[in-house]
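Subject: Structure handover

Hello,

Here is the structure I promised to pass on. Please open it and keep it beside this note while you read.

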Number of protein chains: 2
Amino acid sequence: MNFTSFHPTPRTLMGPGPSDVSPRVLSALSRPTIGHLDPEFVAMMDELKALLKYAFQTENELTMPVSAPGSAGMETCFVNLIEPGEKVIVCVNGVFGTRMVENVERIGATAIVVNDDWGKPVDLEKVKKAFSEHPDAACLAFVHAETSTGVLSDAKALCQIARDNGALSIVDAVTSLGGVELRVDDWGIDAVYSGSQKCLSCVPGISPVSFSPKAVEKLKGRKTKVPSWFLDQSLVMNYWGGEGKRTYHHTAPVNAMYALHESLLLLKQEGLENAWQRHKDQHELLKKGLTELGIEFIVDEAYRLPQLNTVVIPAGVDDAEVRGKLLNNYNLEIGAGLGIFAGKAWRIGLMGYAAREENVALCLTALKSALAK
Amino acid sequence: MNFTSFHPTPRTLMGPGPSDVSPRVLSALSRPTIGHLDPEFVAMMDELKALLKYAFQTENELTMPVSAPGSAGMETCFVNLIEPGEKVIVCVNGVFGTRMVENVERIGATAIVVNDDWGKPVDLEKVKKAFSEHPDAACLAFVHAETSTGVLSDAKALCQIARDNGALSIVDAVTSLGGVELRVDDWGIDAVYSGSQKCLSCVPGISPVSFSPKAVEKLKGRKTKVPSWFLDQSLVMNYWGGEGKRTYHHTAPVNAMYALHESLLLLKQEGLENAWQRHKDQHELLKKGLTELGIEFIVDEAYRLPQLNTVVIPAGVDDAEVRGKLLNNYNLEIGAGLGIFAGKAWRIGLMGYAAREENVALCLTALKSALAK
């Protein structure tokens with residue numbers, strides 16, 4: 001093997017993530033590495049936490065980035081907040097709901113699964129019914145914005161149902177944070193996790209999480225130790241925690257934190273509501289163009305994610321061939337279908353820095369050309 | 001709070017990690033993000049794997065970087081290879097041995113602890129005795145290079161003892177990889193993990209791991225599911241695995257992988273043996289200078305790590321004040337003592353790109369000045 005430095009061809013990233021990264025974020029990423037206990041780094045951590053609280057719209061003290069991708073953020077919520085033997089009502093309407101079930105089962109808890117069709121949101125009535133059948137359920141877990149289908153579920157109403165039944169809520173906001181309305185405190189979300197590489201448009205690898213005071217209370221009152229030492233938030237808190245001395249837990253991914261800080265700063269400077277509106281506006285533009293090309297959406301407009309557009313691959317079209325043309329001729333990445341949508345759908349992302357008019361124009365032009373016989 | 005872009009003051013990093021990062025690695029880190037399933041990225045992954053095999057001196061097919069820091073690499077080895085109820089002999093001669101005990105206990109296995117004094121290597125006779133008392137132990141776990149004390153243990157002999165007793169070996173090579181001799185295949189190591197931010201001089205956040213065929217066999221024959229979905233190597237393998245199609249597991253930290261690739265390329269270009277020798281040479285220079293300053297080493301020369309020099313803080317010297325002077329006047333970071341060495345020792349790192357003559361010169365000059373009354 002002849003090894004050389006890697007120089008990737010620049011791409012426009014309009015798949016389900018990673019999304020286009022702003023040059024400002026890449027520039028922050030490559031600033032000189034300093035120590036994870038350096039006073040300058042510690043001061044930056046405080047800013048980063050404050051920016052994360054803004055993005056999540058929360059005052060939760062336990063709000064911090066997990067030093068690993070979104071899947072680890074998911075696991076952080078489950079391993080800290082659920083104990084073996086407990087029941088968790090898990091809503092499944094796509095790939096990431098099934099992953100939640102895996103998480104619940106692997107810690108020795110029981111998943112009560114509420115199934116909805118892929119492409120549909122979580123049905124509130126089914127969740128109420130599940131609670132009536134399992135009044136002892138400790139937690140409700142669901143995906144706010146399903147990355148595999150492009151569907152938005154009603155997080156506010158679902159958390160209300162959890163609260164009405166004395167249960168905690170765990171919410172997957174990997175694809176929603178920064179792209180659509182999400183209000184952790186107003187909606188009474190107890191635990192939420194996201195990913196750096198979707199609508200925050202940071203590089204992949206970090207998972208912001210936030211726990212409500214009620215969730216922290218549950219963590220502190222555990223009868224058993226958190227099964228994962230690495231993800232044990234009662235320990236990590238002493239490094240990311242509020243006051244004074246920072247206790248070493250693990251070596252933070254210093255440069256990735258610079259990048260996350262910069263991407264959150266971009267969001268703060270734009271304003272959260274403005275970012276939500278921009279995603280909507282670009283989605284409208286994309287929708288118009290796709291409709292003109294005769295391409296249909298899988299998800300009904302009422303619960304369609306603006307930042308992740310799942311569309312039917314037109315009859316007679318070769319999935320891989322078209323995506324290959326987009327990538328090779330236009331350096332444009334769109335997403336393949338996942339799970340039951342593999343080979344049947346494309347996922348066109350308009351996430352964060354990728355939700356720009358020039359991207360929509362490129363995508364429509366490139367698709368039109370790639371679909372032409 | 002007034003938020004602004006973060007511009008860290010460049011530091012010279014001579015603590016226990018992160019170590020100085022080469023400009024080549026920072027440059028690779030900030031190249032354009034592409035998709036984690038992009039054919040160009042997949043080709044780079046193959047090179048990265050081959051380079052990792054070289055660094056570890058192994059032909060193990062399951063050799064890959066875990067998308068999280070070294071602590072997650074440790075956890076990867078334990079959660080995949082140990083089942084609840086099994087016995088693991090864990091050698092403790094510093095902080096990271098105690099962390100291994102935590103890992104073993106949190107998965108419901110039993111740790112048989114072999115204690116050695118901090119600052120001493122693992123005693124082979126004690127390990128043999130532990131096996132004679134616990135012939136059913138499934139595994140021997142130990143730290144090759146203790147980051148908390150600067151001690152090297154005899155990994156080759158310890159793995160031989162494990163093999164003689166029909167047990168697997170799990171080896172912490174976080175601080176040893178790239179800095180001192182480590183030969184995974186020749187020494188018969190079954191599972192090994194490291195960190196990106198020590199002698200590889202990459203940015204922190206990634207943990208290379210390697211499992212022997214015997215370890216993979218144990219993983220495949222498990223009676224219970226791996227408790228962590230995120231770290232389940234039987235799933236991750238399908239993304240990093242050898243042949244053909246890559247199955248999505250989690251979104252790889254794309255840019256961090258560019259950086260790790262570049263740091264491993266630097267190691268390959270220098271040559272592993274040359275890198276080991278460079279660490280020795282720079283250690284000799286540092287030792288000479290420290291001795292002239294009247295500073296004494298904690299660890300005996302016979303098992304002292306060249307890349308991590310644990311020295312006694314001279315009597316009457318204020319630990320924090322001196323480290324503060326080094327940081328503020330010279331932008332030089334050295335490490336505080338950890339665990340029982342807190343306030344009593346400094347840890348001076350010469351890791352990877354930091355093991356250069358100009359760093360040694362700076363460190364000695366700065367220390368001399370900071371210690372002067």
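This is a predicted model: local features need pLDDT of at least 70, side-chain atom pairs count only at pLDDT 80 or more; totals for chains, interfaces and linings use all residues.

**Strand S3 of chain B**

Start at S3(B), residues 87-92. Five of its six residues are buried, so the strand is mostly covered. S3(B) has parallel pairing with S4(B), residues 110-115, over six bridges. Within that pairing, B:Val90 has B:Val113 as its bridge partner. To get from S3(B) to S4(B), the chain passes through helix H4 of chain B, residues 95-106. This β-α-β crossover is right-handed.

S3(B) also runs parallel to S5(B), residues 139-143, and three bridges join them.

**Chain B against chain A**

Each chain is well represented in the contact: 73 residues come from chain B and 73 residues from chain A. Together they bury about 6300 Å², with 62% of it on carbon and sulfur atoms. In chain B, the residues that lose the most area to chain A are B:Phe6, B:Arg106 and B:Trp229. Together these make up 14% of what that side buries.

There are eight salt bridges between the chains. One of them links A:Lys225 to B:Glu102, with the closest N and O atoms 3.0 Å apart. Polar contacts across the interface come to 24 residue pairs.

Which elements of chain B give two or more residues to the side that touches chain A? They are H1, H2, H3, H4 and H9 of chain B. H2(B) provides the largest share, eight residues.

Best wishes

Methods: Residues are numbered from 1 along each chain as its sequence is written. Chains are lettered from A and ligands numbered from 1 in the order in which they are written. Side-chain values use heavy atoms; hydrogens and water are left out. Buried means under 20% relative accessible area, exposed over 50%, partly exposed in between (1.4 Å probe, protein chains only). Helices (H or I, at least four residues) and strands (E, at least two) are DSSP runs, numbered from the N terminus. Two strands pair if DSSP finds at least two bridges between them. A crossover is right-handed if, with the strands pointing away from the viewer, the path from the first strand over the helix to the second runs clockwise. Contact means heavy atoms within 4.5 Å. Buried area is the accessible area (1.4 Å probe) that two parts lose on being put together, summed over both. A salt bridge is a side-chain nitrogen of Lys or Arg within 4 Å of a carboxyl oxygen of Asp or Glu. A polar contact is a pair of N or O atoms within 3.5 Å; within protein, one must be able to donate a hydrogen and the other to accept it, and residues adjacent in sequence count only if both atoms are side-chain atoms.
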